[in-house]
Amino acid sequence: MLVVIVGAGSVGCSIARELLSHGHELLMIDPKPEVIGRSGLRGARWLVGDACEISTLREAKLEEADVVVSATGDDKVNLVVSLLAKTEFGVGRTVGRVNNPKNDWMFDDSWGVDVAVNTPRLMTALVEEAVEIGDLVRLLTLQTGVASLVEFTVPGVSHIIGLTVGAVVWPQDATLVAILRDEAPITPSPDDVMEAGDELFFISTIAAEDELRAILSSDTDSGADSPS
């Protein structure tokens, strides 16, 4: 897979190291030539230039990229690069770094962003996920801001303990995709019984989060199928 990363700062270089270790082909674009030597990246190709300029992206042959990652510290640059990648070069997948949470609403398909990575929000979510047991925590917003990855840690006293996954009437637009138990991931099936301490991971629309939260946090078993 060919990945183009715009921005060779600490974030861009960290992503690059991971991708290189996984065997992907990598092109880094940055306006500062001095970052090449200090990056320590081995195996990446480099292009020095302004990624907001069409000429630079043409030189990079952006149309050949499978993924473009806009990882600069400037939200305006990340938006422009994502938009150009989509509209001018037809790149199939774009990832945009959000530096200022106030700009999060702009990182959607109208600006050519498939996945927005809001580092401050993600760090906040991970902190909340570590301490908030018994509440639904949004970990990541996916695609055009319509769907999200959310997590719920089952508290020691919960009405869903002992219920099977299939016994709960989940919201139509929320899907349980994984259970983390004793640090081991489980692919959920209808017959899996939920236990205290389980971490439940859902892909949900933003609109369905409140309904999902109500089902998980309810003191009653109103979300479960009635026994036959």
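Trainee: Where is His-159 found in this predicted model?

Mentor: His-159 sits in the loop between β8 and β9.

Trainee: Why does His-159 count as buried?

Mentor: Buried means under 20% relative accessible area. His-159 comes in at 19%, so it counts as buried.

Trainee: What does the side chain of His-159 reach, and what makes that a polar contact?

Mentor: The side chain reaches the backbone oxygen of Ile-215 at 2.9 Å. The cut-off is 3.5 Å between N or O atoms, so the pair qualifies.

Trainee: On to the core. Which residues have the most contacts inside the largest nonpolar core?

Mentor: Ile-160, Trp-170, Met-194, Leu-200, Phe-202, Leu-212 and Leu-216, in a core of 18 residues. At least two core residues come from each of β8, β9, β11 and α6.

Trainee: What does Phe-202 touch, leaving aside residues up to four places away in sequence?

Mentor: Its partners include Leu-149, Val-150, Trp-170, Leu-176, Val-177, Leu-212 and Leu-216, and also Ser-148 and Thr-175. Contact here means heavy atoms within 4.5 Å.

Trainee: Now helix α4. How do you know what span to expect for α4?

Mentor: Take 1.5 Å times one less than the number of residues. With 13 residues, α4 is expected to span 18 Å, and its first and last C-alpha are 18 Å apart.

Trainee: Which residues of α4 are buried, and what do they pack against?

Mentor: Among them are Leu-79, Val-81, Leu-84 and Ala-85, along with Asp-75, Asn-78 and Ser-82. The buried residues pack against β1, α3, β4 and β5.

Trainee: And what happens at the start of α4?

Mentor: There, a side-chain oxygen of Asp-74 comes to within 2.9 Å of the backbone nitrogen of Lys-76.

Methods:
Residues numbered from 1 in each chain as written. Predicted model: local features only at pLDDT ≥ 70, side-chain atom pairs only at ≥ 80, totals over all residues. Heavy atoms only, no water. Core = buried A, V, L, I, M, F, W, Y, C linked by side-chain atoms within 4.5 Å. Buried < 20%, exposed > 50% of the residue type's maximum accessible area, 1.4 Å probe, protein only. Helix = DSSP H or I, 4+ residues; strand = E, 2+ residues; numbered from the N terminus. Polar contact = N/O pair within 3.5 Å; in protein donor to acceptor, adjacent residues only side chain to side chain.
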